[in-house]
Number of protein chains: 2
Amino acid sequence: MRIGELAARAGTTTRTLRYYESRGLLSARRAQNGYRSYDEGDLRLLRQIRTLQDFGFDLEETRPFVECLRAGHPQGDTCPASLDVYRRKLAELDALIGDLRAVRAEIGVRLASAGGEEPLCELEGPKL
Amino acid sequence: MRIGELAARAGTTTRTLRYYESRGLLSARRAQNGYRSYDEGDLRLLRQIRTLQDFGFDLEETRPFVECLRAGHPQGDTCPASLDVYRRKLAELDALIGDLRAVRAEIGVRLASAGGEEPLCELEGPKL
DNA sequence: TGTTGCCCTGACGTCGGCGTCAAGGACTAC
DNA sequence: GTAGTCCTTGACGCCGACGTCAGGGCAACA
């Protein structure tokens with residue numbers, strides 16, 4: 001399949017695929033006319049990348065998963081390097097969520113003491 | 001006081017102060033030699049901005065607080081526009097935290113089913 | 001008088017993940 | 001043959017909040 005079809009099937013753009021290729025994440029064979037040519041395996045790689053991106057992984061963090069798939073594993077997350085990324089991400093997320101909850105609490109306090117008319121559990125915005 | 005002292009007292013840089021000025025958030029009188037001149041009120045404005053930035057507010061979101069202080073209010077968050085920003089931020093944070101918790105849960109599941117040796121409550125990284 | 005240390009403006013660089021445009025080649029349908 | 005759609009590479013644009021550099025002025029002290 002050509003780049004346009006692959007992009008469409010993965011719900012992304014040709015620009016994105018060329019960008020991934022420039023980053024060394026996705027490679028392509030070439031047809032005689034110079035067009036990139038992909039197969040179902042490439043689609044699986046691409047879907048792995050996109051899923052992780054949707055989770056908030058940056059591109060570099062997806063690399064171990066891609067290499068794991070390229071190495072022939074049926075899942076990208078069965079290799080040790082991928083599991084390490086998962087674990088680091090969990091720690092990152094826990095820290096981030098903790099920070100955000102602290103900020104949320106602080107803003108709640110400030111809102112209550114400054115505007116003080118809405119209870120803290122009122123999260124749907126002002127009643128207006 | 002001059003820009004270097006103000007920056008030091010607020011724990012930031014002169015570049016940052018000039019940037020805020022370019023965005024219309026912080027104004028400065030000028031001495032005869034052209035140097036920017038600030039007073040304690042400017043320090044309070046700047047600290048208000050920095051506190052909100054630390055909370056994750058973007059610069060535009062700090063504007064109502066700054067204008068509230070400029071209008072003579074002792075606190076930047078007592079004006080209606082500031083309270084609106086607080087409320088929007090709470091909603092944003094709740095949504096974001098919810099998303100992050102969902103991602104965290106999903107990664108936890110994937111880690112458990114792929115590498116399955118660490119219990120879900122193990123958040124301190126691999127035992128090695 | 002020279003040296004240091006602050007200040008000035010203007011402008012380009014940074015980061016990530018692409019969007020968008022330009023100029024052209026390839027292929028299909030009619 | 002020509003219109004239309006796909007593909008190619010290369011390169012600049014974007015966002016936010018500044019960092020960093022260039023080239024120069026002002027002030028104080030030895």
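Predicted model: local features only at pLDDT ≥ 70, side-chain atom pairs only at ≥ 80, totals over all residues.
Is B:Cys79 buried or exposed, and at what relative accessibility? B:Cys79 counts as buried, at 13% relative accessibility. The cut-off for buried is under 20% relative accessible area.

**The disulfides**

Over all chains, the structure holds two disulfides. A disulfide is a covalent bond between the sulfur atoms of two cysteines. In chain B, the link joins B:Cys68 to B:Cys79. B:Cys68 lies in helix α4 (residues 59–70) of chain B, and B:Cys79 lies in the loop between α4 and α5 (80–114) of that chain, so the pair ties together parts that are eleven residues apart in sequence. The torsion about the S-S bond of B:Cys68 and B:Cys79 is about 80°, so this disulfide is right-handed. B:Cys68 is buried too, with a relative accessible area of 3%.

Chain A has a disulfide between A:Cys68 and A:Cys79, with sulfur atoms 2.0 Å apart. The link of A:Cys68 and A:Cys79 is right-handed, with 80° about the S-S bond. A:Cys68 sits in helix α4 (residues 59–70) of chain A, while A:Cys79 sits in the loop between α4 and α5 (80–114), so the pair ties together parts eleven residues apart in sequence. Both A:Cys68 and A:Cys79 are buried.

**How the two chains are related**

Two copies of a chain are related by a rotation about an axis and a shift along it. Here, a rotation of 179° superposes chain B on chain A, with 0.0 Å of shift along the axis and an RMSD of 0.1 Å. The two copies are thus related as by a two-fold rotation axis. In chain B, B:Ile97 has the C-alpha nearest the axis, at 3.1 Å from it.

Which surface does each copy use? The copies meet through the same surface, because 100% of the interface residues of chain B are also interface residues in chain A.

**The nonpolar core**

The largest nonpolar core has 28 residues. Those touching the most other members are A:Phe57, A:Tyr86, A:Ile107, B:Phe57, B:Tyr86 and B:Ile107. The elements that give two or more residues to this core are α5 of chain A, along with α3 (40–55) and α5 of chain B.

Take A:Ile107 as an example. Leaving aside residues up to four places away in sequence, A:Ile107 touches B:Phe55, B:Phe57, B:Tyr86, B:Lys89, B:Leu90 and B:Leu93.

**The DNA strand**

There are 20 residues around DNA strand C. A:Tyr35, A:Gln53, B:Gly4, B:Arg18 and B:Arg36 come nearest.

| Residue | Atom in the residue | Distance to a phosphate oxygen of DNA strand C |
|---|---|---|
| A:Asn33 | polar side-chain atom | 3.2 Å |
| A:Leu59 | backbone N or O atom | 3.2 Å |
| B:Arg30 | polar side-chain atom | 3.1 Å |

Both chains supply the surface near DNA strand C. The elements giving two or more residues to that surface are α2 (14–22) and α3 (40–54) of chain A, together with α1 (3–10) and α2 (14–22) of chain B. The largest share, four residues, comes from α2(A).

Conventions: Residues numbered from 1 in each chain as written. Chains lettered and ligands numbered in written order. Heavy atoms only, no water. Least-squares fit on C-alpha atoms with pLDDT ≥ 70 in both. Contact = heavy atoms within 4.5 Å. Disulfide = S-S within 2.5 Å. Buried < 20%, exposed > 50% of the residue type's maximum accessible area, 1.4 Å probe, protein only. Core = buried A, V, L, I, M, F, W, Y, C linked by side-chain atoms within 4.5 Å. Near = heavy atom within 4 Å. Polar contact = N/O pair within 3.5 Å; in protein donor to acceptor, adjacent residues only side chain to side chain.
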